[in-house]
Amino acid sequence: MSANNNVYDLSSYAGRCASFGSSTNSFLLKHQDEGFIERMIEEQVKLLGGNKELYNRIDNNMKNGVFDHFFIREHCAIFSWRETFFSKHFPDNSWFTVDFDDEEEFEAEDGSQQFARATIPFQITRHFDRVMALASANVHPELTWLKQQICFDETVNRYSWEWMVIDPDLSRAVPFGDVAHTVAEVYQTGPKKL
């Protein structure tokens with residue numbers, strides 16, 4: 001079964017891990033701290049000069065996989081902040097992901113690290129509300145070990161400044177207008193023109 005159906009094949013190691021992770025996440029989400037989440041949103045809004053509408057636009061773009069080239073720096077600022085947030089609250093070996101396409105690769109000793117480059121960007125863009133909720137979970141001290149057993153889904157990155165500026169992979173088929181706008185934004189010498 002696929003992870004998307006929340007029904008796992010418990011006869012496979014990947015299925016058992018995903019089932020455990022899903023149950024752990026459900027438990028932790030019931031104990032989220034709304035005040036913590038509001039403070040984290042405010043920190044991101046401050047990065048955008050206190051503009052809550054702009055934050056909502058960038059956040060919605062990320063949730064929907066949209067990249068607005070008119071707000072490159074803002075997308076990258078939020079993405080970078082969220083990467084730091086994820087690393088702080090979910091350090092190495094405190095979370096895992098399951099690759100249902102290649103279970104042998106999943107069972108490799110360093111399997112979780114192989115997927116980090118794909119998993120983290122997906123979580124901090126498409127599911128950051130859930131990431132903040134999991135990070136905020138207040139549980140009884142005897143259950144804090146559960147916060148080291150969080151399961152995240154994987155996918156690809158498209159909001160990293162390095163991905164846009166440094167990566168020479170031209171196979172992404174980015175339209176010329178978007179490339180031109182990106183170059184203008186990266187090498188901007190004055191205020192934006194309307």
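1. Helices H3 and H4 are roughly perpendicular to each other (65 to 115 degrees counts as such). H3 spans residues 52-63 and H4 residues 72-89; they pack at about 75°, axes 10 Å apart. Axes are lines fitted to C-alpha atoms over the stretch in contact, and angles run from 0 to 180 degrees between N-to-C directions.

2. H3 brings Leu54, Tyr55, Ile58, Asp59, Asn61 and Met62 to this contact (heavy atoms within 4.5 Å). H4 answers with Glu74, His75, Ile78, Phe79 and Arg82. By class, these residues are 6 nonpolar, 2 polar and 3 charged.

3. On provenance: this is a predicted model, where local features need pLDDT of at least 70 and side-chain atom pairs pLDDT 80 or more, while totals for chains, interfaces and linings use all residues. Residues are numbered from 1 along each chain, and side-chain values use heavy atoms, without hydrogens or water.

4. The largest nonpolar core has 29 residues. Such a core is a set of buried Ala, Val, Leu, Ile, Met, Phe, Trp, Tyr and Cys residues joined through side-chain atoms within 4.5 Å. Ile58, Phe85, Phe86, Phe90, Phe128 and Met132 touch the most other members. H2 (34-47), H3, H4, H6 (111-126) and H7 (128-136) each give two or more residues. H7 gives the largest share, 6 residues.

5. Overall, the protein has 9 helices and 2 strands (DSSP runs: H or I, at least four residues; E, at least two). Their order from the N terminus is α-α-α-α-β-α-α-α-β-α-α.

Terms used
Parallel < 35°, antiparallel > 145°, perpendicular 65-115°, else oblique. Nonpolar A, V, L, I, M, F, W, Y, C, P; charged D, E, K, R; others polar. Buried < 20%, exposed > 50% of the residue type's maximum accessible area, 1.4 Å probe, protein only.
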